Amino acid sequence: MINKRVKTIDEAIAGVESNMTFMVGGFGLSGIPENCIAALAKKDTFELTCISNNAGIDNFGLGLLLQRKQIKKMISSYVGENAEFERQMLSGELEVDLIPQGSLAERCRAGGAGIPAFFTPAGYGTEVAEGKEVREYNGKPHILELALTADFAFVKAWKGDVAGNLIFKGTARNFNPLMAMAGKITVAEVEELVPVGELDPNQIHTPGIFVQRILQGEKYEKRIEQRTVRTRE
Amino acid sequence: MALDKNQIAQRIAQELEHNMYVNLGIGIPTLVANYIPKGIDIEFQSENGVLGMGPFPFEGEEDPDMINAGKQTITTLPGAVLFDSATSFAMIRGRHVQLTVLGAMEVAENGDIANWKIPGKMVKGMGGAMDLVASAENIIVAMMHTNRAGESKILKKCTLPITGVNCIKKVVTNLAVLEVSKEGFKLLERAPGVSVEEIKNSTEAGLIIEGGVPEMQL
């Protein structure tokens, strides 16, 4: 067993420097690595390129890094819900590459799986296709999308063991397993870190080989963006 | 009377078939789940990674780890399954999801749809919409027929940046049910009490009208 455990958040984010590219798991605020993001927002690293499906909200998640203008470029599929983001984007301070969500997921997966590029029908004929090779398969046009990798990938899981094996909960899984594969250094923060042998190998979602550092998150706020409920009859 | 948003959803629900896998977009499409006809089993997929989505949770039972693609708290039904985003879009791109219902800002008679960007105004991103429209076998659009200024959103050609080309199959608006054919929009049904003339006047695109156009049955 290779022990991946780091004890402090500083160890977890050690090596992140200005101008690097990093991935952040999560969909909306669900399944985001809260502790790593909060620690990055305290570090003096700037000009970062961030690959994340969303951009957090103004005062939580990646919004914290945007407020300090640490991010130079965002690669995302949906960036509503964040006024500061919109301001920086429209003023040209922030470079934004918007790509279809399925292409983003597959580009991360491909990056981690050693596949440099693939053809997809998503985005054909739209702005997204500009400058991309088009090829017809089965009578339908497809565009070439390149794989994504990153200097660091920050992911969040429900449970993990010190070997880096991860289990996710609910829809908090989303981009986390894919980004875990695509990081040169993948840092996983978990709600519950357990000794090896405690997780059932049949139930592990992300094999520890994809994870370089694992940390028990100090606390989880787990904010809800859209609280929708029904009333009891 | 033109339909309200719930009635548009109700009319779209009539298109559901037994044992279908369906993806519902944000807005009016989400309401379709409230009108599933009796005796029909449907599995709802949400592209952030759940199949077998159930209703909203009871108050106090909201779980931040259980949301839909609109970031709303949800529940799952027995038989539900959770997965990562790449698997989710494999279901969509691989045409395992049979029906997609989504909203639009504009649709065009060649089957194009625009629903993700207003240049200089609204730039929030396409989310999963481009993957969904590029691959879905059947796409139904739920939308209002005109904008707030009364201008048609049913066009000869989209003016906004498009989300997908030549992909939508049917459009249900507050005024009409339209089918996208090779020749253009076919007027299939009209909202109760709304005349063919009124629909024509609210539609920039040409309309193919074959015989009498029946009223929608709600």
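**Helix 1 of chain B and beyond**

Tutor: This is a predicted model. In helix 1 of chain B, residues 5–13, the buried residues are Ile8(B), Ala9(B), Arg11(B), Ile12(B) and Ala13(B).

Student: What do the buried residues of helix 1 of chain B pack against?

Tutor: They pack against helix 2 (28–31) of chain B and a set of strands in that chain: strand 5 (99–103), strand 10 (138–142), strand 12 (170–172), strand 13 (176–181) and strand 14 (184–190).

Student: And which residue caps the N-terminal end of that helix?

Tutor: Asp4(B) does, with a side-chain oxygen 3.1 Å from the backbone nitrogen of Asn6(B).

Student: Moving past the helix, where does Asn19(B) lie?

Tutor: Asn19(B) is in the loop between helix 1 and strand 1 (20–24) of chain B. Its phi is positive, about 65°, although the residue is not a glycine.

Student: Is Asn19(B) buried or exposed?

Tutor: Asn19(B) counts as exposed, because its relative accessibility is 52% and the cut-off for exposed is over 50%.

Student: Which residue of chain A has a positive phi although it is not a glycine?

Tutor: Glu47(A) is one, with a phi of about 55°. Glu47(A) sits in the loop between helix 2 and strand 2 (48–51) of chain A. With a relative accessible area of 42%, Glu47(A) is partly exposed.

Student: Let us change topic. Where is Asn68(B)?

Tutor: Asn68(B) belongs to the loop between strand 3 (50–53) and strand 4 (76–82) of chain B. Its relative accessible area is 7%, so Asn68(B) is buried.

Student: What does Asn68(B) touch?

Tutor: Leaving out residues up to four places away in sequence, Asn68(B) touches Phe27(A), Ser46(B), Asn48(B), Met53(B) and Ile74(B).

Student: Which residues does Ser46(B) touch?

Tutor: Not counting residues up to four places away in sequence, its contacts are Asn23(B), Met53(B), Asn68(B), Ala69(B) and Ser88(B). Met53(B) therefore touches both Ser46(B) and Asn68(B).

Student: Now the nonpolar cores. How many residues are in the largest one?

Tutor: The largest nonpolar core has 49 residues, and those touching the most other members are Val107(B), Ile113(B), Val141(B), Ile168(B), Val171(B) and Phe185(B). Another core, of 40 residues, lies apart from it and includes Leu29(A), Leu40(A), Leu62(A) and Trp116(B).

Student: Lastly, how much space lies in the second largest pocket?

Tutor: The second largest pocket holds about 430 Å³. Its lining has 21 residues, and the closest to the centre are Glu34(A), Asn35(A), Ala38(A), Ala39(A) and Lys42(A).

Student: Which elements give two or more residues to that lining?

Tutor: They are helix 1 (9–12), helix 2 (34–40) and strand 11 (213–216), all of chain A. Helix 2 of chain A gives the most, with five residues.

Student: How do the lining residues divide into nonpolar, polar and charged?

Tutor: The lining of the second largest pocket has nine nonpolar, four polar and eight charged residues.

Technical notes. Residues are numbered from 1 along each chain as its sequence is written. Chains are lettered from A and ligands numbered from 1 in the order in which they are written. This is a predicted model: local features need pLDDT of at least 70, side-chain atom pairs count only at pLDDT 80 or more; totals for chains, interfaces and linings use all residues. Side-chain values use heavy atoms; hydrogens and water are left out. On a 1 Å grid over the protein atoms alone, a cavity is a set of points where a 1.4 Å probe fits but cannot get out, and a pocket is an open set with protein on both sides within 12 Å along at least five of seven lines; lining residues have an atom within 4 Å of a point. Grid points are joined across faces, edges and corners, and a volume is the space filled by probe spheres set on the points. Helices (H or I, at least four residues) and strands (E, at least two) are DSSP runs, numbered from the N terminus. Ala, Val, Leu, Ile, Met, Phe, Trp, Tyr, Cys and Pro count as nonpolar, Asp, Glu, Lys and Arg as charged, and the others, Gly among them, as polar. A nonpolar core is a set of buried Ala, Val, Leu, Ile, Met, Phe, Trp, Tyr and Cys residues joined through side-chain atoms within 4.5 Å. Buried means under 20% relative accessible area, exposed over 50%, partly exposed in between (1.4 Å probe, protein chains only). Contact means heavy atoms within 4.5 Å. A polar contact is a pair of N or O atoms within 3.5 Å; within protein, one must be able to donate a hydrogen and the other to accept it, and residues adjacent in sequence count only if both atoms are side-chain atoms.
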